[in-house]
Amino acid sequence: METSVKDKLDGYLPNISPTPISIEQFLIMGKIGAIKEKDSFIFLLAEMSIRLAHTVVDLQRIPDELKEMDDCQFIINKYTNSFEELLEFNGRDPNESQVLEMFEKFLNTFQARQADTVPRMANACMDMISQRGMGLDDAT
């Protein structure tokens, strides 16, 4: 893991709480023209950085027995890679259409990349149980 990424994970991002958003705010933001792409980019970049940092840190806290499973390692790597890719947008000019297009591509890739997270983690749990002869309560 790159040093600046590790610093961000060990430093301030996991200590910042995500912005709470109400259903009303979601509906307002979802209306066409209610929010500019630039504003959406700025908001999503900040919020996703915080939320992905929390997720990666939480994944690192999974018990070692579960982290040793291939599917679990795959998930941790996917989220860490997504976090690293997201950080590349810091300092980019949201007024440039190319930046917004790249960010949209990142969002689509991120969504597709995370689609199988739950089944893979369930498989990792089942592998841990079968390979180690232990249940989830036995992991430390």
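1. Where is I35 found? I35 sits in the loop between α2 (23–30) and α3, where helices (H or I, at least four residues) and strands (E, at least two) are DSSP runs, numbered from the N terminus. With a relative accessible area of 31%, I35 is partly exposed; on this scale buried means under 20% relative accessible area, exposed over 50%, and partly exposed in between, with a 1.4 Å probe and protein chains only. Leaving aside its neighbours within four places in sequence, I35 is in contact with M29 and S40, contact meaning heavy atoms within 4.5 Å.

2. The model is predicted, and local features need pLDDT of at least 70, side-chain atom pairs count only at pLDDT 80 or more, while totals for chains, interfaces and linings use all residues. Residues are numbered from 1 along each chain as its sequence is written, and side-chain values use heavy atoms, with hydrogens and water left out.

3. As to the overall make-up, the protein has 7 helices and 0 strands, and from the N terminus on its elements run α-α-α-α-α-α-α. Buried residues make up 34% of the 140 residues. Among the contacts in the protein with a separation of 6 or more, 77% come from residues 24 or more positions apart. The protein exposes about 8,900 Å², of which carbon and sulfur atoms supply 53%; accessible areas come from the Shrake-Rupley method with a 1.4 Å probe, and for residues only the protein chains shown count as cover.

4. Helix α7 (residues 117–132) has 16 residues and reaches 22 Å from its first C-alpha to its last, close to the 22 Å expected at 1.5 Å a residue, the expected span of a helix being 1.5 Å times one less than its number of residues. Its buried residues are T117, M121, A124, C125 and M128. Seen down the axis of α7, these buried residues fall within an arc of 95°, so they line one face of the helix; the arc is that of the directions from the helix axis to the C-beta atoms. An α-helix has 3.6 residues a turn, so residues three or four places apart point the same way.

5. On the other side of α7, P119, M126 and S130 are exposed. The cover over the buried residues of α7 includes α3 (37–60), α4 (64–67), α5 (70–87) and α6 (97–114). After α7 comes G133, whose phi is positive, near 65°.

6. The packing of α5 against α7 deserves a separate look. The two helices pack at an angle of about 145°, with their axes 8 Å apart; axes are lines fitted to C-alpha atoms, for helices over the stretch in contact, and angles run from 0 to 180 degrees between N-to-C directions. From α5, D71, C72, F74, I75, K78 and Y79 meet T117, R120, M121, N123, A124 and D127 of α7. The residues of this contact divide into 6 nonpolar, 2 polar and 4 charged, where Ala, Val, Leu, Ile, Met, Phe, Trp, Tyr, Cys and Pro count as nonpolar, Asp, Glu, Lys and Arg as charged, and the others, Gly among them, as polar.

7. C72 lies in helix α5 and, at 0% relative accessibility, counts as buried. Leaving aside its neighbours within four places in sequence, C72 is in contact with I62, L66, K67, M121 and A124. C72 and A122 are 50 residues apart in sequence, yet 9.1 Å apart in space, C-alpha to C-alpha. In α7, C125 likewise counts as buried, at 15% relative accessibility, and its C-alpha atom is separated by 9.4 Å from that of E65, 60 residues apart along the chain.

8. The 24 residues of α3 should span 34 Å at 1.5 Å a residue, and its end C-alpha atoms are 33 Å apart, which agrees; the 18 residues of α5 should span 26 Å, and its end C-alpha atoms are 26 Å apart, which agrees. The buried residues of α3 include F41, L45, E47 and M48, while those of α5 include D71, K78 and L87.

9. A last point concerns N15, in the loop between α1 (3–10) and α2. N15 is exposed, with a relative accessible area of 65%, and lies 8.5 Å from I50, C-alpha to C-alpha, at 35 residues apart in sequence.
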